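Here's a quick briefing on a ligand and the protein around it. Have a look at the model first, then read on.

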Amino acid sequence: MTTDDTISADHQGLRAVKDKIAAAAKGVGRSPAGIELIVVSKTFGPDEILPVLNAGQRHFGENRVQEAVGKWPALRDKFPDITLHLIGPLQSNKTKEAVTLFDAIHSIDRPKIAKAIAEEQAKQNKELQLFIQVNTGEEPQKAGVLPRDTAQFLDQCQNEFGLKITGLMCIPPVDEEPAVHFAFLAKLARELDLPGLSMGMSGDFETAVELGATHVRVGSAIFGART
Ligand SMILES: *Cc1c(COP(=O)(O)O)cnc(C)c1O
């Protein structure tokens, strides 16, 4: 088997999700090229991840720094061109490890973390792609800045900490219509002049694409259910 055969190896779950993204994009006149599929590999190990890498996928998401530090450096040795996205909450004592390993962080939601990321980026001379997480459902237990505080927090990130913010991210409440939250996040991003929209998971990524997602985060639809 040549390297090219390996790269083009098929992965059914990945292909199915890609086809659905392309169809959803086409349906609203968007180019699928404008949508980055982030394959969420949390809880899955190299045995499950390698076939997805061999099928050509390069963007992956993890929600815990510690878990990602344990499994991705070895995979990155084999696939140096992967892009890693931190999609879960970040504690400030993990900032150094996070900035070292990841290429993007989707969960910035408080000044302490924004400041720590800015300082660590300066130390490492590295700039990650950064998203502000918005708690669109205003759920008390959920991470994210409140919608009404987002403009001010963005201003602080940009002007006090000097961070380049790509866009906004949300995780809609489980018991509500995701479309309402996606449309709201898209409107907020437009108002704030931010091009990036990280939204949509296994159950609702097509809806997210229809409403303007630039990054969808999909795990179980590709790997199967997490145990
Ligand atoms: C786990 C997770 C996902 C992916 O969830 P699936 O339903 O498995 O697609 C997306 N975003 C975040 C923030 C997650 O924690």
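The shell around the ligand splits into 6 nonpolar, 3 polar and 3 charged residues (Ala, Val, Leu, Ile, Met, Phe, Trp, Tyr, Cys and Pro count as nonpolar, Asp, Glu, Lys and Arg as charged, and the others, Gly among them, as polar). This is a predicted model, where local features need pLDDT of at least 70 and side-chain atom pairs pLDDT 80 or more, while totals for chains, interfaces and linings use all residues. Numbering runs from 1 along each chain as its sequence is written, and side-chain values use heavy atoms, leaving out hydrogens and water.

**Around the ligand**
- Val40, Lys42, Ile87, Met169, Ile171, Met201, Ser202, Arg217, Val218, Gly219, Ser220 and Arg226 surround the ligand, each with a heavy atom within 4 Å of it.

**Polar contacts** (pairs of N or O atoms within 3.5 Å)
- The side chain of Ser202 has an N or O atom 2.5 Å from a ligand oxygen.
- For the Lys42 side chain, the distance from an N or O atom to a ligand oxygen is 2.7 Å.
- An N or O atom in the Arg226 side chain sits 2.8 Å from an oxygen of the ligand.
- On its own the ligand exposes 390 Å², and the protein buries 90% of that (Shrake-Rupley method, 1.4 Å probe).

Terms used
Polar contact = N/O pair within 3.5 Å; in protein donor to acceptor, adjacent residues only side chain to side chain.
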